[in-house]
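Keep the structure open as you read.

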Amino acid sequence: MRTERREMNKLISNNPAKNYSRIGEVNISSQAEVKKKVALAKRAFGSWRGIGLDGRIKHLQKVYDVLYRNRKKISKLACQEMGFPIAQQEIFDIGDGFAYFEWYLKNAKKYLTPEITFQNKKEIHKVYFEPVGVAAVIQPWNFPFCQWSWAVVPNLIVGNTVVFKHSEEVPLTGKLIEDLIASSKLPDRGFGEGYGDGKVGEILTDQEIDLIAFTGSCRVGQLIYQKSAKKFIKVLLELGGSAPGVIFEDADINSAAEHIFGARFTNNGQACDGLKRLIVHKSKFDEVVTKLKQTLESKVIGDPLDPKTDFGPLVAKRQQDLIVAQVSDAKRKGAKVVIGGKIPDKPKGAYYEPTILTNISTKMRVWSEEVFGSVLPVVSFKTEEEAVRMANDTQYGLGSYVYTKDLKKAERVGSKIKAGMVSVNGINYVCPFNPFGGYKQSGIGREHGRYGLHDLCQIKTVAANK
Ligand code: NAD
């Protein structure tokens, strides 16, 4: 059984739902090719900036149109490469990717127009939002289209040119996107891609670039942070998470359980801000666990391309091995498996049964590490203070979820949770007008909305006479 990804100078794409059968391959970019793409992006910067925001929006509308016409093709290929169940992927990857793209086309002007900060009869003070230059954009695989749209579109819209590297897990999706963009005739070399694994990412970040927009693991994020410090350039880091979900005794348990299924198990549990540790008031613990177990029992594990599938495979064998190791560690330390806890007999591939664990201790890896798969550890609490302490008992601080009918309590608890986003009673914070990003090791900076756009710019103050 072949699962390796490199073969000579080719990057192989395997299907994790079909026992790692080969889907196709792309050529790995050489150092010279990456260098050339960066040089072309540098050369294109002046004209891309020069056509102004209206000009850029006009061109990007054409990119939107060509991608939108090909959305089914992108969707199918992405699901084959990384296992996202297609019915979910059409909403949360393709749908959201286009929704964000559209928001930028419609709203960038509002936030990039110079702001007057002060004026009187003699003086006028203005803040300008200028592009910084060439952005190296490096992304993971878990929302293959959204990650392109989230990270590349705002860079292009503010006037940066981009050299993009998609994950080695989705090289064919990355190539398809590059080819489609080329067919839209985006002005010369404003956008280019490099192909390969972390080594190509390293080569890209070694070039003369002006900004790094990185999404991925904390380990690599830290390396990128060090590199950007040496270069003294801007960096945006969107990293891992282990979001807590706190269910208080007065919560609507049916609606909370329904929301938690989506928040933890969408995309086979592989979302950065997914609800990865559930903290339930003692009086509701059994009811919540029973409801979640019943929900999981009703779900279908299968081919990601079948619209009836709720659970496809994990992205790759290495991810399956990691989940097996994390759950084995929990079992060894006394965790109780309520449901799941193993690789299913079939289908063959990177599958793992959706799992609920109780009897959790904070020494277990499922509590202390990010678990990027369909596993949910559940613990109980007695007091609000204890719930907040457990919620914050993590190196991460990306998403968080609070369930209670008492909105004052939700606000109070939300203010104490050290995380970039708080959802109350399942209200979705992942919207293009909201900033997205983390506290602690979940990252530096914010994507999206006014704040995200400004993070990609140089901000210049001009004080002049009137
Ligand atoms: P990863 O860090 O292994 O890889 C991410 C990207 O970085 C890939 O394209 C990879 O090729 C590249 N890379 C690896 N080493 C590199 C290096 N030394 N220099 C430059 N580039 C390098 O992460 P992953 O396993 O692909 O993704 C999963 C992680 O991403 C999870 O921790 C998840 O929580 C996180 N994530 C975060 C967000 C967010 O917005 N905060 C969104 C999605 C995923």
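Start with helix 7 (residues 198–206) and helix 8 (residues 218–231): their axes come within 11 Å and cross at roughly 20 degrees. An angle under 35 degrees counts as roughly parallel, so helix 7 is roughly parallel to helix 8. As for handedness, helix 7 passes helix 8 in a right-handed crossing. Keep in mind that this is a predicted model. If you zoom in on the contact, you'll find E202, T205 and D206 on the helix 7 side, meeting I224, K227 and K231 from helix 8. Sorted by class, the contact of helix 7 with helix 8 has 4 charged residues, along with 1 polar and 1 nonpolar.

Helix 1 brings W48, R49 and G50 to the contact, while helix 2 supplies G52, R56, H59 and L60. By class, the contact of helix 1 with helix 2 splits into 3 polar, 2 nonpolar and 2 charged residues.

The axes of helix 2 and helix 6 come within 9 Å and cross at roughly 130 degrees, which makes helix 2 oblique to helix 6. The crossing of helix 2 and helix 6 is right-handed. Which residues make this contact? From helix 2 you get V63, V66 and L67, and from helix 6 come I177, L180, I181 and S183. What classes do the residues in the contact of helix 2 with helix 6 fall into? There are 6 nonpolar residues and 1 polar, with no charged residues.

Finally, turn to the ligand. There are 30 residues around the ligand, and Q139, E168, S217, L239 and E370 come nearest. E168 puts a polar side-chain atom 2.6 Å from an oxygen atom of the ligand. L239 uses its backbone instead: a backbone N or O atom of L239 lies 2.8 Å from a nitrogen atom of the ligand. W141 also takes part, with a polar side-chain atom 3.2 Å from an oxygen atom of the ligand.

Notes:
Residues numbered from 1 in each chain as written. Predicted model: local features only at pLDDT ≥ 70, side-chain atom pairs only at ≥ 80, totals over all residues. Heavy atoms only, no water. Axes fitted to C-alpha atoms, helices over the stretch in contact; angles between N-to-C directions. Helix = DSSP H or I, 4+ residues; strand = E, 2+ residues; numbered from the N terminus. Parallel < 35°, antiparallel > 145°, perpendicular 65-115°, else oblique. Left-handed = near helix turned anticlockwise from the far one by under 90°. Contact = heavy atoms within 4.5 Å. Nonpolar A, V, L, I, M, F, W, Y, C, P; charged D, E, K, R; others polar. Near = heavy atom within 4 Å. Polar contact = N/O pair within 3.5 Å; in protein donor to acceptor, adjacent residues only side chain to side chain.
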